[in-house]
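Hi,

Here is the structure I promised to pass on. Have a look at it first, and then read my notes below.

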Amino acid sequence: MPGPDKLTQHYLKFIVNQDTCLTNIINIANSCINLGYWLKYFKYMSTIIIPKSNKTLYNQLKAFRPIVLLNTLGKLIEKVITERLQFTVTSNDFIHPSQRGELKFKSTMDAGIVLTHIVHSEWVKGKSTSSLAFNISQFFLSLNHKLLTLIIEKVGLDPKVTSFFANYLVKRKTSYVWNDFSSPSFEVNVGVGQGSALSSILSALYLTPFLYILEK
């Protein structure tokens, strides 16, 4: 489903296959990084309200699921930035080694193997083991922008990149869409954006200091 720009993935694939168009898109992305500025156009999103299936009543908020739709071209640029950022933070070992979620080439199976290894290692020592699992509700929306920016500064990136993320995180706008109704747009300056490719790696970075603290 296309975002506010109404550009579908099918047409985007056609566009990027044209050398001139692709060059222009790369120039836009590079300019955003060099200027430390994420275009307002890419900060506009639509939040589609979809009823969850098999609900007896629909008189509570939890009976509905919000789906965030971003501008398609912006999503493409975010995916490229995500790839580069993840490569950097894994290459310089910034990410805590126990971090398994939201990273390429990491999976639930990897986490299971690590947990199994820890359990068996303790069994060999004659010890009993236990595990604690919990879910952080609305985690993406809970990330503090100032703390996230400070963490990004510690990654060792070019200051231009840090400035870009400081601007990227703020003054995003959305409008709620329900059937034929569309609300006026308003700012959503909390956490990181749902539906964005960058949100996963940014949340992994956000957790890194806490994992090192727990390790101690």
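(Helices are DSSP runs of H or I with at least four residues, numbered from the N terminus.)

Before you go further: this is a predicted model, where local features need pLDDT of at least 70, side-chain atom pairs count only at pLDDT 80 or more, and totals for chains, interfaces and linings use all residues. Residues are numbered from 1 along each chain as its sequence is written, and side-chain values use heavy atoms, with hydrogens and water left out.

The pLDDT is the predictor's confidence in each residue, from 0 to 100. Its mean for the protein is 85, and 97% of the residues reach 70 or more.

Back to helix 7 (residues 145-154). Its buried residues are H145, L148, T149, I151 and I152 (buried means under 20% relative accessible area, exposed over 50%, with a 1.4 Å probe and protein chains only). They sit on the same side of helix 7 because they cover an arc of only 160 degrees around the axis, taken from the directions from the helix axis to the C-beta atoms. On the face turned away from that buried side you'll find the exposed K146 and K154. At the N-terminal end, N144 caps the helix, with a side-chain oxygen 3.0 Å from the backbone nitrogen of K146.

Cheers

Methods. Helices (H or I, at least four residues) and strands (E, at least two) are DSSP runs, numbered from the N terminus. A polar contact is a pair of N or O atoms within 3.5 Å; within protein, one must be able to donate a hydrogen and the other to accept it, and residues adjacent in sequence count only if both atoms are side-chain atoms.
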